[in-house]
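Open the model in your viewer and keep the selection panel at hand. The stops below go from one selection to the next.

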Amino acid sequence: MKLVPKILLEGKNINKVYGHGKKGVHAVKDVDFKFAEGEIVSIVGESGSGKTTLAKMIMGLLKETDGELYFKNQARSLKKFSERRQYWSEVQAIFQDPFSSFNEFYKVESLLKNCFKLRGLKLSKQEMEDRMREACIFVNLDFDELRKKHPFELSGGQMQRVMIARIFLIHPRILVADEPTSMIDACSRATILDMLMKLRKENNMTIIFITHDLGLAYYVSDRVFIMEHGNIVERGTAETVIAHPTHPYTKQLISDVPKLHEAWDIG
Ligand code: ADP
Ligand code: MG
């Protein structure tokens, strides 16, 4: 029997226009999507194609100009504080610049402790500490060394790992990862990806992986969406999109990735 994938998040006709009139920027145009439990979907496109705008709407950090979003088959509402808290305990994001996501006055310890609040967990001091320590071990950080530090005292790679430690503690159903490795060195990059894959496997988390790197998207994802000027111009399994691209923009992206080109013997 074929298992029917469980759809967690659905978007219908999602649009975002920044500003008004002639000066308005139509950053996301009539985007539809369905993301199933446990899958990794990459959204690939050049800078300015609307990826971050889409990510922020999925997170509910930016209001869509038009369109509907359904989370677990119900129209998403984020009007009430309690609704937002519930949504953010199940849908989380990590962004390209981990420093911009946080209040710089919070120490690492508070950033991690906030995860328990978000989930509405009432834990003893000892339980909180044990869990924070466990999360730091998972991301390879020394909790005792970092707990009293502020974000500006950490490197980009360390900060991104704090972000992942938060995901470990929150364990959301969906993680939106918006170019999470583009500002860190190559060595940390591989580790970060590895951690995300491990989290996904352990929690059956859905990952929406946003990148401008088609080669990377191919290696990590089940499905790939190609985004150009606010439109999803092509979508399908990673193999189909890369081996049999139909849209000229996808073909152009593929020709920009020399290794893929050779591996598939195409074009
Ligand atoms: P990407 O993440 O793919 O680089 P963005 O979503 O950041 O793309 O941007 C898509 C388009 O929307 C770009 O033309 C960008 O200049 C514009 N844009 C993004 N944020 C804003 C904003 N706050 N105000 C006006 N225009 C914006
Ligand atoms: Mg972006």
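This is a predicted model: local features need pLDDT of at least 70, side-chain atom pairs count only at pLDDT 80 or more; totals for chains, interfaces and linings use all residues.

The residues around ligand 1 are Tyr-18, Val-25, Ala-27, Glu-46, Ser-47, Gly-48, Ser-49, Gly-50, Lys-51, Thr-52 and Thr-53. Colour this shell by residue class, and it divides into 3 nonpolar, 6 polar and 2 charged residues.

Next, show the polar atoms around the oxygen atoms of the ligand. At Gly-48, a backbone N or O atom lies 2.6 Å from an oxygen atom of ligand 1. At Gly-50, a polar backbone atom is 3.1 Å from an oxygen atom of ligand 1. Move on to Thr-53, where an N or O atom in the side chain is 2.5 Å from a ligand oxygen.

The largest share comes from α1, with 3 residues.

Helix α1 lies across β1, β2 and β4 (66-71), and its direction runs at about 55° to β2. Now select the whole sheet that holds β2: an open sheet of 4 strands in the order β2-β1-β4-β5, with antiparallel pairing. At its edges are β2 and β5 (74-75), each of which pairs on one side only.

Zoom in on the pair formed by strand β1 (residues 7-18) and β2. The two strands run antiparallel and are joined by 8 bridges.

- Ile-7 stands opposite Ala-36 in β2.
- Gly-11 has Phe-33 of β2 as its bridge partner.
- Tyr-18 has Val-25 of β2 as its bridge partner; Tyr-18 and Val-25 are also among the residues around ligand 1.

Follow the chain from β1 into β2. The hairpin of these strands has 6 residues between them, and Gly-19 takes a positive phi near 75°.

On to the pairing of β1 with β4. What is the sense of this pairing, parallel or antiparallel? The two strands pair in the antiparallel sense, over 5 bridges. Select Glu-10 to see one example: its bridge partner in β4 is Tyr-70.

Now leave this sheet and select the strands of another one. Here 6 strands form an open sheet in the order β6-β7-β8-β3-β9-β10, and the pairing is mixed. Why do β6 (91-94) and β10 (231-237) each have one side without a neighbour in the sheet? Both stand at the edges with a single partner strand, so one side of each is left without a neighbour. Look along the sheet: neighbouring strands are turned by 15° against each other on average, direction ignored.

For the last stop, select helix α6 (residues 156-170). Helix α6 packs on the sheet and touches β6 and β7. Compare its direction with that of β6, and the angle is about 170°.

Methods
Residues are numbered from 1 along each chain as its sequence is written. Chains are lettered from A and ligands numbered from 1 in the order in which they are written. Side-chain values use heavy atoms; hydrogens and water are left out. A residue is near a molecule or strand if one of its heavy atoms lies within 4 Å of it. A polar contact is a pair of N or O atoms within 3.5 Å; within protein, one must be able to donate a hydrogen and the other to accept it, and residues adjacent in sequence count only if both atoms are side-chain atoms. Ala, Val, Leu, Ile, Met, Phe, Trp, Tyr, Cys and Pro count as nonpolar, Asp, Glu, Lys and Arg as charged, and the others, Gly among them, as polar. Two strands pair if DSSP finds at least two bridges between them. Axes are lines fitted to C-alpha atoms, for helices over the stretch in contact, and angles run from 0 to 180 degrees between N-to-C directions. Contact means heavy atoms within 4.5 Å.
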